[in-house]
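Thanks, everyone, for making the time this morning. I would like to walk you through one structure, so please have a look at it before I go on.

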Amino acid sequence: MIGSRDRGVSIAVSHALTIAITTLVISGLVIAAGGIVRDQREQSSRQELRTIGERLVTEIARVDTLAGSDARTTVSLRTDHPLDVAGSPYHVHLSTSTAQCSAPPCLVLRASGTDVVITLDVVSDTPVADSTATGGRVVIVYDGSAIHLETGGRA
Amino acid sequence: MSDRRDRAQLILVGAVVIAIALIGMATVFNSIVLTASLAPQGAKTSTSDASMYRQAAQQDLQQLFDRVANDSAYPTEPALASNATRYSHRLAEVAANDGPRYVNVSLNGTTSATRSRIVQHNSKQIRNRAGDKNWTINPSTPTNVTELQIKLQLSQTSATTSQPFYVEVENSTTGDWWNLTVYSNPPDQTTFTTRNNAGPLTTCNLGDTGVAVINLTSVSGPSTTCPGIDFATGVDPPYAISITRGNKVEGSYQITTDTTLSSSNYYSSPTQGDPYLVDVVKTARFDFVYRDNRLAYRTQLRVEAEGSP
C-alpha cells in the first residue's frame, strides 16, 4: 500500500537516487582527496628538493674550501641524498647560465614527476662547470680546474 | 531494515575512501620527514677531518723542514724526503686510530725548488774534484750565493802579496767584479782585503793562528771580527764565482747557490769525497693525500725556509 507521502516514488527510483547520490559523494571525495594529495605531493616535492639543494650547496661550499682554486688539488666528495622526492626521481643541475640563475652559478633541482623546479644560489670562489647528476648519490668533483657534479650510482 | 543496511554501506565506502586518502598523504609526508631526518653528517665530517689533517701536516712539515735544515737555511733533499716519509707513517697511524681513513705525505721532488750546496767538509786546500788550484765554482751557470761559510786555517796560509788566494765574482753581462783576497802578512798577520771594479773596499788583519771564518758579511778571527765584507758588493747577480790559488790556503767551506749547478767539479755525495755537491731544498712541496669512504682529497703543501723569497 502506497501512502500519500510515497506518491510518484517507486522503489526503482529510490535505488537509482541512492546509487546516484552515493556515486556523487564518493566521486567528490575521491576528487577532493586526489587534489589534496596532488597539492601535498607538489608541496612536499618542493620542500624536499629545497632541503636536498641546500645540503648540496653546503657540500659544494666545503669542496670549494678544500679546493682553494689550486690547480694542484683534486677533490672528490661523495654525498648521499634521497633517490627520489615524493616518489619521483629528480635531477640536479649545476648551472652557470644566466638564463637559469639570477646570480650564476646556481643549483637547479627538477623532479621528474612534477613541474617543481627549485633554484638555489651557489657561492664558490672556485670556478664551476655546467654539469648534471641524477638524484641519490651525487659526487662533487674538483679536478684542478672547476667544480662539477657526477652521478655516483645508487646509495 | 533495508535503509539501515544502505546507510551502513555508504559509511563503509566513505571510510574506505578517506582511508585511502589518508594513506596517500601519509606516504607523501613520510617522504618529507625522511628527507629532513637525513642529516649530511658524513660529508661534513670528512671535509672537516681532511682540513684538520692538512693543517696539522702543514705545521708539522714546517717544523720538520726547519729541523732537518739544522743550522743551515735549507735542508738537503734526501734528508727531507726520508724524514717526510717517517712523518707520513706516524700521521697515517694517528689517522687510522681516528677511523677508517688514509693519510699520506711525501716530498714532491719535481715541483720542489732546489738549490745547490757545495761542501768541503775536511780542512784541506781549496781545489776542485780534479785537483785544479784555479777553478770556477759555477762554470756556465751564473748564479747568486745565498749561503757562504769558509773556514780557513790561518797557520796554513802560504799566500803572499804577490801570489794571494782570492775568491772573485764577476757579472759577465755588466763587467762588474768583486773579490776577496787573502795573503800572509809577516811576521804574524793574515790580511783580508776586498775590492771591486770601482776600487779598494776593506782591509782587515787577523793573526796567523786559529781559524778565520768568512761569511757573506764579515770575516771573524779568534779574537777579531772584521765587519763590512759584504760579499759581491757592487755586482748584481747572477755572476760567476772563481777560486784562484786554492793551493795557497787550507780550510773547509759550504756554499749554497741560487741555482742548480752541474757536478763536474764535485763529487756527487759526501761518501765519495770532498768537495761534493748536494741538492738543498729552497721551497718544498709535499703531496698530501686524504681518503675515506666519502672523500678523496689530494693537494700540495708548500713549505719554505723562513725569509725565503
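How many salt bridges does the rule find across the interface of chain B and chain A? In this predicted model the rule finds 1, and the side chains that meet in it are those of A:Asp80 and B:Arg294, at 3.8 Å from N to O. Between the two chains there are also 7 residue pairs in polar contact, counting pairs with both residues at pLDDT 80 or more. On the side of chain B that touches chain A, the elements giving two or more residues are α1 (2-37), α2 (41-69) and β15 (295-304), and the largest share, 12 residues, comes from α1(B). The contact takes 31 residues from each of chain A and chain B, and the area buried between them is about 2,800 Å², with carbon and sulfur atoms giving 63% of that.

Finally, consider B:Asp274, which sits in the loop between β13 (250-257) and β14 (276-291) of chain B. B:Asp274 is buried yet has no salt bridge, the nearest side chain of opposite charge being B:Lys124, 4.9 Å away. A polar atom of the B:Asp274 side chain does, however, lie 3.0 Å from the backbone nitrogen of B:His121, and the backbone nitrogen of B:Asn122 lies 2.7 Å from a polar atom of that side chain.

Technical notes. Residues are numbered from 1 along each chain as its sequence is written. Chains are lettered from A and ligands numbered from 1 in the order in which they are written. This is a predicted model: local features need pLDDT of at least 70, side-chain atom pairs count only at pLDDT 80 or more; totals for chains, interfaces and linings use all residues. Side-chain values use heavy atoms; hydrogens and water are left out. Helices (H or I, at least four residues) and strands (E, at least two) are DSSP runs, numbered from the N terminus. Buried means under 20% relative accessible area, exposed over 50%, partly exposed in between (1.4 Å probe, protein chains only). Lys and Arg count as positive and Asp and Glu as negative; His and the chain ends are not counted. A salt bridge is a side-chain nitrogen of Lys or Arg within 4 Å of a carboxyl oxygen of Asp or Glu. A polar contact is a pair of N or O atoms within 3.5 Å; within protein, one must be able to donate a hydrogen and the other to accept it, and residues adjacent in sequence count only if both atoms are side-chain atoms. Contact means heavy atoms within 4.5 Å. Buried area is the accessible area (1.4 Å probe) that two parts lose on being put together, summed over both.
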